[in-house]
Each structure stands twice: as C-alpha cells, then as structure tokens.
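Look at the chain from end to end before reading on. The paragraphs below start with the whole chain and then follow one part of the fold.

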Amino acid sequence: MWDRVRRRVAGVAGGSADLDQGSEAAWAWPVRLTGRTPTGVDVVLRPLTVADGPAFQSVRRANSAWLEEWDATSPDPDAPSRTFDQLVEQYDRDARAGRALPFAVEVEGRFVGQLSVGSIVLGSFRSCYIGYWVSRSVAGQMVIPTALALAGDHALGVLGLHRLEVNIRPENTASLAVVRKLGFRREGMRPHYLHIAGAWRDHLSFALTTEDLAGETLGERLGRIAALEAEQRSTTLQAQSSQQSLARHTDGGPAPDGDAHLPS
C-alpha cells in the first residue's frame, strides 16, 4: 500500500531521516531519525533489536516504580507472556507491513526508552496514534518531546499522514507535559479507554492535524514553544527577584513611634 504514498522530505528542525534510497515507496524500514532537543541533547530513534535486551531489561528494572502505573496490561489473566526476542520480532513484522514504527529512544548512545507509532491507516483516514515511555534519568530534558517531534514529522512529512493522536491518563502529569510542549489539541475524555495497570482506565485524547500545524513542523513548533516557556520562566524569576528586593528595602524594622513599619 505504501507505493501509493509520495516520498517527501521530513521537516524536523535539526533532524534527519535515513531512508532506503533504492525504494520508490515512502515507507522504509528500518529507519533512523536523529535530532537535538532545545537544550542541546542529541536524540536518536532507531529500531529496537534483540541486542537491546540487556539494556532494555536494565532500564525497565531501574524505572519500575516510575513506569508500572502507566503500563498497558492484558485484560485476559491467562494471556501468555512474550519473551523480549518475540517482542522484537513482532515489532519488526508490524513495521515491515506498514502498520507501525516501533522505535527505541537513544541518548548519547544509551537506550533510554521507546516511542511507537501504531495503528497506521492510509486511505481517507491517514492517521496513527503514538505512545512512549522514558527513563526517569532523562525526564525533564525534553528527550521525549523531541522524539515525538521527530516521529511526528516523519509520519506527516514522509509517510503523508494527516493526523497524530496521543492518549494519556489524566493523572500522568509527565506525559501531559509532553503534548503541551508540542501544542497538541485536547479532544476530550475517553472513558475506560485502555487496560492499564490491571484495570480499564480513562484517558484524555490529544491530536494534531496538518491543518493545526499550518506549515510549521513539529520540530519548529517545539523550539518555538520551548523558547516561549523559557522567556516566561525568566520573566517570572525577574518578578520574584524584584518583589524580594522590594521587601528587603521596605522592611525597616520598628518605626520611631514603636509601631511596626509597613511598606506602602
């Protein structure tokens, strides 16, 4: 189906996509996407491989308390578990069939998490959903917002999709911050949407279409919003500093008549 999709250049600021140059289709797997966060951290999206097993298990163990509350689970208690090798094989089959882009997230040569573009549909829908998790060791460094921008620009710009969707539990403040940094539009609540941590959980749905971006790439949008937030933080800190300075200068101790001196 992918031979009907025109190949286009991904527009991620500071990013690139290494595609199979011999293919006439826009779809190519494996694919490697690279970019840099607004704070200067290099991020790589690449296929998860069997060789990632030890690093994957190590990161998951170290972050079990951080991640398990948000992990998808099977509603079937008798569902068989899969080995890591079987998981990688399934990811690879889905990717080569054009159903998904299952990326490992790498920072400075270290495996730190995953970002998966799934349920890719063409035709008149041209949509997908995106999910992600990351090690707490790099949380707050804009790694996942950058990874989402890379994958999203690839999906919209190279694969020709029209809409990206991200669904997040209302309690997951870290994931909510990711879609905020990219200006995703909130579409509403989806009650009992996904089986998470042993129960059917409500999720908030967020989306972006090419119309929402109005010619701007997600990479460009991330840089713009990050700069705006940094400016707002700077303004807030300056205001707080001015207030503290004013308080110090107006706190003159007891007035001559014995009454407390109150600033005007």
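Helices (H or I, at least four residues) and strands (E, at least two) are DSSP runs, numbered from the N terminus. By this rule the chain has seven helices and nine strands. The model is predicted: local features need pLDDT of at least 70, side-chain atom pairs count only at pLDDT 80 or more, and totals for chains, interfaces and linings use all residues. Residues are numbered from 1 along each chain as its sequence is written, and side-chain values use heavy atoms, with hydrogens and water left out.

How far can each part be trusted? The pLDDT is the predictor's confidence in each residue, from 0 to 100. Its mean over the chain is 85, and 79% of the residues reach 70 or more. Residues 1-14 stay under 50, and the model gives them 45 contacts (heavy atoms within 4.5 Å) beyond four places in sequence. The pLDDT is also below 50 over residues 18-24, a stretch with 10 contacts beyond near neighbours in sequence.

Next comes the chain as a whole. A residue is buried under 20% relative accessible area, exposed over 50%, and partly exposed in between (1.4 Å probe, protein chains only). Of the 264 residues in the chain, 43% are buried. Among contacts between residues at least 6 apart in sequence, 62% join residues at least 24 apart.

Now find strand β6, residues 127-134, where six of the eight residues are buried. Two strands pair if DSSP finds at least two bridges between them. Strand β5, residues 110-121, pairs with β6 in the antiparallel sense over seven bridges.

With strand β7, residues 163-168, β6 pairs in the parallel sense over three bridges. Here S127 has R163 of β7 as its bridge partner. From β6 the chain passes through helix α4, residues 143-158, to β7, in a right-handed β-α-β crossover. Right-handed means that, with the strands pointing away from the viewer, the path from the first strand over the helix to the second runs clockwise.

Which residues of α4 are buried? The count is 16 of 16, so the helix is largely enclosed by the rest of the structure. The expected span of a helix is 1.5 Å times one less than its number of residues. For the 16 residues of α4 this gives 22 Å, which agrees with the 22 Å between its end C-alpha atoms. Just after α4, G160 has a positive phi of about 80°.

Further along, S175 sits in helix α5, residues 173-181. With a relative accessible area of 12%, S175 is buried. Not counting residues up to four places away in sequence, S175 touches Y132 and I168.

A few backbone angles remain. Most residues other than glycine have a negative phi, and most peptide bonds are trans. E108 is not a glycine, yet its phi is positive, about 50°. E108 lies in the loop between β4 (101-107) and β5, and at 66% relative accessibility it is exposed. A197, also not a glycine, has a positive phi near 50°. Its loop runs between β8 (185-196) and β9 (199-209), and at 35% relative accessibility A197 is partly exposed. Lastly, the peptide bond between W29 and P30 is cis, with omega about 10°. P30 is in the loop between β1 (16-18) and β2 (32-36).
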